[in-house]
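Reader: I am new to this structure. Please show it to me, and then walk me through it.

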Amino acid sequence: MIRCLAIDDEPLALKQLAAYIERIPFLELAGCCQSALDARERMEETTVDALFIDINMPDLNGMEFVKSLSVPPLIVFTTAYSEYAVEGYKVDAVDYLLKPFTMDDMLRAAHKVKKQYDLVNTATLSELSDGELYLKTEHRVVRIETASIRYIEGMSEYLKIHLDKPLKPVTVLLSMKKMEDRLRNDSFMRIHRSYIINLKKIQEVNKNRVIMDADTYLPIGDMYRDTFTAYLESKFIGK
């Protein structure tokens, strides 16, 4: 199921958008928000795969909100103003729905979302043993020893895998969830919606940040803090 957030400042439009999402079998309504600020808070609390978001909203419009996200999910813009269409595609929107749109229009957009979602979640990762991965990157297949991974950074539909120096980072078309599932039994933990870390590479934990080295400070997300704190407490010696 593709978890979707519906965002529109107009209550009736939001209600209709939510109803459309709920009628599509492969979509799951993760929540409804009447502003981009509400959406930001919701996205810190739950995993969201796609946004169906109005552009013309007060305080923070949908376009600027999407641009502000370091790792945006799949985006479908909804608006009554056709002049936003070109700008929408500049931020890699999957589709653009001009209000008033029908269920058929919504289905067209939903299938585009599913196609992109399936592409990201296809088997671009294979395993030879517990200590190594084979990853498709560009037109190559590269072998990576999991012990050499320092941390993994989510970048929209891509992952940037940061390795021990002098190895260069590897970028692959893959979802965070798929990588997280593959590494679940190794020494890795997700600490933020955008970061998975190698627990053996931690140098220090300072308040709400994990310090991997002098130049790398990674945030700890609210929904991952309890699990990470429990891991740290299990490693303490004495009180």
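Author: Helices (H or I, at least four residues) and strands (E, at least two) are DSSP runs, numbered from the N terminus. This is a predicted model: local features need pLDDT of at least 70, side-chain atom pairs count only at pLDDT 80 or more, and totals for chains, interfaces and linings use all residues. Residues are numbered from 1 along each chain as its sequence is written, and side-chain values use heavy atoms, with hydrogens and water left out.

Reader: Where is Pro100?

Author: Lys99 and Pro100 are joined by a cis peptide bond, with omega about -5°. The place of Pro100 is the loop between β5 (95–98) and α5.

Reader: Which residues line the largest pocket nearest its centre?

Author: A pocket is an open set of points on a 1 Å grid over the protein atoms alone, where a 1.4 Å probe fits, with protein on both sides within 12 Å along at least five of seven lines; lining residues have an atom within 4 Å of a point. The lining has 35 residues, and elements giving two or more of them are α2 (36–45), α5, α6 (176–182), β12 (188–192) and α7 (222–235). Nearest the centre lie Thr47, Val48, Val71, Arg190 and Arg193.

Reader: What is the volume of the largest pocket?

Author: Grid points are joined across faces, edges and corners, and a volume is the space filled by probe spheres set on the points. For the largest pocket it is about 890 Å³.

Reader: Is Asp59 buried or exposed?

Author: Asp59 is found in the loop between β3 and α3 (62–68). Asp59 is not a glycine, yet has a positive phi of about 70°. Its relative accessibility is 75%, so Asp59 counts as exposed.

Reader: And Lys207, buried or exposed?

Author: Lys207 is found in the loop between β14 (204–206) and β15 (209–213). Lys207 has a positive phi of about 60°, although it is not a glycine. At 75% relative accessibility, Lys207 counts as exposed.

Reader: How many disulfides does a search of the whole structure find?

Author: A disulfide is a pair of cysteine sulfur atoms within 2.5 Å. The sulfur of Cys33 is 7.4 Å from the closest cysteine sulfur, in Cys32, and therefore too far for a bond. Cys33 is buried at 3% relative accessible area, whereas Cys32 is partly exposed at 34%. For the whole structure, the search finds zero disulfides.

Terms used: Buried means under 20% relative accessible area, exposed over 50%, partly exposed in between (1.4 Å probe, protein chains only).
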